[in-house]
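Please read the following note beside the sequence and the 3D view. The points move from the single chain to its contact with its partner.

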Amino acid sequence: MDWTTLADALFPLGHRITEHAQFLSGTADVAGPDGAPAATIAVIGTTGHAPIGVEIALAQARAVLDTVRAHPRRAILLLVDTQGQRLRHRDEMLGINSYMAHLGKCVDLARRNGHAIVGLVYDQALSGGFITSGLMADACYALPAATIRVMGLPAMARITKVPEDVLTELAKSNPVFAPGPENYLRMGGLQAIWDGDLAQHVAQALHAAPSGDARAALGWQRGGRKLAQPVIDAIAGDGHVQTA
Amino acid sequence: MRSYLESTARERLQHVLDAGSFEEFIGPAQRIVSPHLAQLNAPVAFDDGVAVGRATLDGQPVFAAAQEGGFMGGAVGEVHGAKLTGLLRRALAERPAAVLLLLETGGVRLHEANAGLIAVSEVMRAVLDVREAGIPVLVLVGGSNGAFGGMGIVARCANAIVMSEEARLAMSGPEVIETANGVEEFDSRDRALVWRTTGGKHRYLLGDCQAIVPDTVAAFRAAAIATLAALGAGPAALSVDALEREHAMLAERIARFGAMRDPLEIWRALGVPAPERVPLLEIDAFIAAAAAHRLGES
């Protein structure tokens with residue numbers, strides 16, 4: 001999806017987002033809740049199915065840190081379109097996991113400094129590119145046509161040695177295998193899928209960003225992850241796992 | 001001397017922590033297994049490949065987790081990840097002196113891919129919650145599967161990492177990179193190159209791990225005690241200043257080394273004497289040779 005089309009739909013009041021080598025940054029105006037004045041938010045993300053290498057991870061971290069330093073409590077929208085971490089020897093040599101962790105820590109710091117953080121998967125989200133962006137937000141959303149996955153079923157079949165047709169069949173009934181936002185919704189990884197008026201969705205999401213990580217509880221309520229929350233509860237309470 | 005690399009997760013816990021002190025939370029007797037593996041006819045483990053609990057280390061109360069590389073490469077599935085997250089959340093209430101994560105993992109378990117990805121992200125946020133509460137998190141890496149994928153990111157969210165020279169810490173495995181971009185991009189069978197790129201000595205020189213030890217459980221224990229003592233002097237939580245320093249370090253790394261093709265060139269640029277001999281050095285000699293040249297904060 002073309003990011004400018006998306007930005008126009010999200011921000012009818014105006015935006016100042018620019019692209020530099022698949023890196024998106026800028027600001028936008030978002031209506032306040034219940035007729036309150038519009039607020040300026042920070043917009044940070046990637047486009048064109050960007051592979052996340054060391055440079056673009058660092059650029060996103062810089063934008064987050066700058067927002068924290070210059071604009072206390074300004075809300076941040078993370079726009080996600082990535083094919084995952086860049087698969088190059090150079091990135092590994094330079095320690096790409098450190099760059100991605102740095103980005104994740106900067107987002108976490110912003111959250112703790114009172115910035116509402118909302119993620120939006122507007123096109124594609126894959127593994128390492130997703131885990132330090134949208135999945136670090138207070139709440140992550142997706143458009144209905146978004147693709148979210150760890151890797152494609154053919155590659156998964158090779159590595160797990162499970163035949164692809166078996167995986168394809170299982171993916172129909174089990175959200176752990178199939179790409180697609182509805183599976184991540186059921187597992188609690190997404191707060192909601194946005195249909196209709198995107199401007200209204202983003203305004204509401206920024207206003208109502210949840211505090212704390214309730215994804216395992218959501219996954220349990222929605223039936224997509226039936227054991228994560230009971231296991232967490234059992235350990236936190238030193239009891240036994242209640243699966244009933 | 002007992003090898004850390006060759007020990008199981010439970011042996012590591014037994015010998016790194018004070019003898020007999022480890023008390024496991026929801027141990028294997030409860031038989032909480034992965035809900036996703038059976039339909040793939042894949043084997044399950046009664047602990048889903050990770051042991052979590054509390055113990056003492058040098059008399060101090062700590063929480064600890066150890067991933068078992070022998071079960072699916074230590075990969076993180078729904079239950080495995082929830083055990084780590086549960087441990088970290090319990091630490092917020094019980095306030096141990098530290099949390100130790102003995103990582104050995106390929107990252108997300110592909111057999112339960114989507115659940116594993118969210119689980120790793122929950123672990124990442126829980127680690128940062130523990131740090132925010134003022135409790136340091138220490139990662140040990142020394143198993144044959146290394147620490148890869150999302151867990152390689154989690155490792156760098158901790159306060160400090162201790163590695164052996166045999167340990168590997170990275171994001172994508174060499175085989176994945178070779179499959180995606182060809183053998184000329186990264187020859188996964190060139191073990192020396194793989195080691196130079198992801199191994200403990202390179203990470204230590206770059207400043208991505210804070211201590212490097214020989215491959216013995218006793219050495220990991222001693223380093224864990226010493227590193228926690230050193231961490232006790234500073235804040236455990238993230239801060240703008242600390243992240244700005246990290247940012248500057250990572251930006252400078254690209255500027256200085258971004259055009260280089262092989263870690264050997266980086267070691268030479270750092271001024272490490274006889275860089276081609278680095279792989280041959282015993283740990284004590286290596287630490288001495290690296291002392292004046294390594295980057296990062298220790």
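**Note on chain B**

1. Chain B contains 11 helices and seven strands; helices (H or I, at least four residues) and strands (E, at least two) are DSSP runs, numbered from the N terminus. Its radius of gyration is 19 Å, close to the 19 Å that the globule rule gives for 298 residues, so chain B is as compact as a globular protein of that length. The radius is taken over C-alpha atoms, and the rule is 2.2 Å times the number of residues to the power 0.38.

2. This is a predicted model, in which local features need pLDDT of at least 70, side-chain atom pairs count only at pLDDT 80 or more, and totals for chains, interfaces and linings use all residues. Residues are numbered from 1 along each chain as its sequence is written, while chains are lettered from A and ligands numbered from 1 in the order in which they are written.

3. The mean pLDDT (the predictor's confidence in each residue, from 0 to 100) of chain B is 96, and 100% of its residues reach 70 or more. The model has an ipTM of 0.98 and a pTM of 0.97.

4. Which residues of chain B meet chain A, and how many? In chain B, 68 residues are in contact with 65 residues of chain A, where contact requires C-beta atoms, placed from the backbone, within 7 Å. H3(B) gives the most to this side of chain B, with 13 residues.

Terms used:
Two residues are in contact if their C-beta atoms, placed from the backbone, lie within 7 Å.
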